[in-house]
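Subject: Structure handover

Dear colleague,

Please find the structure below, with notes on side-chain contacts after it.

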Amino acid sequence: MKTSGPFGLKRSVVNDAIAKRIHLVYVYEPVLKGLPSKDLPMECKGELDYDHKMWLLHRLIFERMQFYYLETKRTLKDRMAPLKEKLVVECFKDIEQLLSKHLTAKEEVVTEITETREIIKRFTRYLSDLEKVNVTMSGTREHVLMVNYLRSLEGSLDEEEAQFNVFWGQHKAILDHQMKLGYFLRSVDKVKGVLDGHLTDLLDPDISLGVSLEEALENGQKFEIYISKVKETADDYVFKLQEDGRELRKPVLSAGCSEVVDNPYQEKSSDRVATALKDVAQQYQIVMKKCQQKRDLYMICVKYYMSLKE
């Protein structure tokens, strides 16, 4: 075996310390003694059927897929960011905007995963078609490694998708709960408006008591009908609010299953529901109290006119 000294060609390429550890060989026999023949290409008297063009092709596919997958992970992180923002609901309009924003983000995540999976499948089909054309490529280490790499990427993508589906099931349940809260708060405002309207009518000084016993009795009867309708309407509204309030206080369940979701907004939502129901109940009592006062006033009026007749 011929070897060059530590100087000459090696010295022009590397420094002396490294050059002393380098041995240049000009025949294959010493290499075969130092390295397994299965790791040496056939051109070097080994057993490895090595195709450099195929290696470059596989390397190109690997680098592109690695880029696509890393880009997908970065994009998914950006797409998930809006879904992890704090859900602040002050009115029904807020939750409508939040729901629209989050549904859009969810669709973007699904689209990103679907497109990345399609790219992986496209490369996999390309390798399969290439293998049919170039039969010598089948079973080579580069080809097997590349196929396994694509499978591992698809498996990782499946895990990402499964984790997202679990997250979305829980997140959607919280969104639905917040949507129900938004509906509830809107209903509370509506009921308050109805009760305020009744209270305004009851405080109207122009409500006629009548100038005679007959008028007082007639007007009193009409007022009793009015009170009955007011009470019936108010009772229905309040009962519905109480039912909705009980539903909102229940634990949130993940979409599609009975698993309880850790809802960070549950306590605050329950407090807002309790406060809203308390406000409506107080307003309801004020309206009912005014109704009774007007009823008493009619009774006094009727008794007064009856006393005049006697």
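How many salt bridges does a search of the whole structure find? The search gives 17 salt bridges; bear in mind that this is a predicted model.

One of them joins Glu108 and Arg79, at 3.7 Å from N to O. This pair links distant parts of the chain, with Glu108 in helix α5 (residues 92-133) and Arg79 in helix α4 (residues 52-80), 29 residues apart. Glu108 is partly exposed at 35% relative accessible area, and Arg79 is partly exposed at 29%.

Two other bridges lie within a helix. Lys172 and Asp176 meet at 2.8 Å, N to O; both belong to helix α6 and sit four residues apart, about one turn of the helix. Lys222 bridges to Glu218, with the closest N and O atoms 3.5 Å apart. These two are four residues apart in helix α7 (residues 213-249), so about one helical turn separates them.

On the aromatic side, the count is five pairs. Phe67 and Tyr68 have ring centres 6.0 Å apart and planes at 55°, so they form a tilted pair. Tyr68 is partly exposed, at 33% relative accessibility.

Phe164 and Phe167 are also tilted, because their planes stand at 40°, with the centres 6.3 Å apart. Both lie in helix α6 (residues 141-202), three residues apart. Phe164 is buried at 5% relative accessibility, whereas Phe167 is partly exposed at 22%. Together with Trp168, Phe164 and Phe167 form one aromatic cluster.

Regards

Conventions: Residues numbered from 1 in each chain as written. Predicted model: local features only at pLDDT ≥ 70, side-chain atom pairs only at ≥ 80, totals over all residues. Heavy atoms only, no water. Phe/Tyr/Trp six-rings, centres within 6.5 Å; stacked < 30°, edge-to-face > 60°. Buried < 20%, exposed > 50% of the residue type's maximum accessible area, 1.4 Å probe, protein only. Salt bridge = Lys/Arg side-chain N within 4 Å of Asp/Glu carboxyl O.
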